[in-house]
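Please look at the sequence and coordinates first.

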Amino acid sequence: MTTTTSTLPTYFISHGGGPWPWMKKEMGTAYDRLAAALADMPRQIGRTPAAILMISAHWEEAAFTVMGNPHPPMVYDYGGFPEHTYHVHYDAPGAPELARRVQALVEAAGLPAGVDAERGFDHGTFSPMAAMYPKADVPLIQLSLLRGLDPAQHLALGRALAPLRDENVLIVGSGLSYHNLRNFGPQARDVSKAFDDWLDDAVVGAAPPQRVERLLDWASAPAARMAHPREEHLIPLMVAVGAAEGEAGVRVYHEEAFMGGIAVSSFRFGEAAGA
């Protein structure tokens, strides 16, 4: 792929719940701050990427698996939402050449890799992308998590993917900084804030070597298992950090009363031309 004169940053984003960009009538202003933060990402990076590689919390496989479909369909991986949200489309083109490049990088790092020629976009990808690039005019592919959700393996995945940053590919880990659906709303205020404060200190306040150490031991953080009973929504962060391992982090989105009381954040790693 074509190289560029500057290196793109990486991101870990909180992607919100279900098909929220298509539920303005139902949700009111609940997503306004998240939508604004996501919409600001193109300005921050200062140019249009050649493609976007999204690591979504909603896809796990026995090997790191990359989407190879040139015309990805939709995966409506949610339940209980209005009927019209099962017909929404985000029709960004796929990027089969990039998929092959990703597979080669992952395999070269000694990690298991594969390509899925049928896989479509899940809501961990199409919902934030609808805010980031509403015209769906940037090539887009997903990369799965690895079953077992081992932090070290996903940091290693990020390291393997790092060369893409010099090839004008934007790497985005898509999850949620707090994801406990049984403890949502005002009652989650204290535990979500405790974990979010730790997370900000770990990925922004700590020097890069200490950041990795702290992320590897994330389960020892305050309220860690209250914030993430299962860590699939946190693990995409490891990929974003691994791909920008020696570079500073900055919090690019934060609110402490999301959905009535939850502290949530998103982060960028590496320099951004427009920031």
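**Burial, packing and enclosed space**

Leu 215 counts as buried, at 1% relative accessibility, where buried means under 20% relative accessible area, exposed over 50% and partly exposed in between, with a 1.4 Å probe and protein chains only. This is a predicted model, in which local features need pLDDT of at least 70 and side-chain atom pairs count only at pLDDT 80 or more, while totals for chains, interfaces and linings use all residues. Residues are numbered from 1 along each chain as its sequence is written, and side-chain values use heavy atoms, with hydrogens and water left out.

Q: In which helix does Leu 215 lie?
A: Leu 215 touches Pro 151, Trp 198, Leu 199, Val 203, Leu 237, Met 238 and Val 241, not counting residues up to four places away in sequence; contact here means heavy atoms within 4.5 Å. Leu 215 and Leu 237 are 22 residues apart in sequence, with 9.1 Å between their C-alpha atoms. Helices (H or I, at least four residues) and strands (E, at least two) are DSSP runs numbered from the N terminus, and the helix that holds Leu 215, residues 208–216, is α8.

Q: Which side chain makes a polar contact of 2.9 Å with that of Ser 174?
A: Ser 174 sits in strand β6 (residues 169–175) and is buried, with a relative accessible area of 0%. Its contacts beyond four places in sequence include Ile 13, Met 54, Gly 124 and Pro 236. A polar contact is a pair of N or O atoms within 3.5 Å; within protein, one must be able to donate a hydrogen and the other to accept it, and residues adjacent in sequence count only if both atoms are side-chain atoms. The partner of Ser 174 at 2.9 Å is His 15.

Q: How many residues of helix α5 are buried?
A: Helix α5 spans residues 123–132 and is mostly covered, and its buried residues pack against β1 (10–14), α2, α3 (41–45), β2 (51–61), β5 (140–146) and β6. At the start of α5, a side-chain oxygen of Asp 122 comes to within 2.9 Å of the backbone nitrogen of Gly 124. The buried count for α5 is 10 of its 10 residues.

Q: Which element supplies the largest share of the lining of the largest cavity?
A: On a 1 Å grid over the protein atoms alone, a cavity is a set of points where a 1.4 Å probe fits but cannot get out, and lining residues have an atom within 4 Å of a point. Grid points are joined across faces, edges and corners, and a volume is the space filled by probe spheres set on the points; the largest cavity holds about 40 Å³. Both α2 (32–39) and β7 (249–258) supply at least two lining residues. The largest share, three residues, comes from α2.

Q: Where does Pro 72 lie?
A: At 8% relative accessibility Pro 72 counts as buried, and its contacts beyond four places in sequence include Met 67, Pro 93, Arg 119 and Phe 121. Pro 72 and Ala 95, 23 residues apart in sequence, are 9.5 Å apart from C-alpha to C-alpha. Pro 72 is placed in the loop between β3 (64–67) and α4 (96–108).

Key: 1 Å grid on protein atoms, 1.4 Å probe; cavity = no way out; pocket = protein on both sides within 12 Å on 5 of 7 lines; lining within 4 Å.
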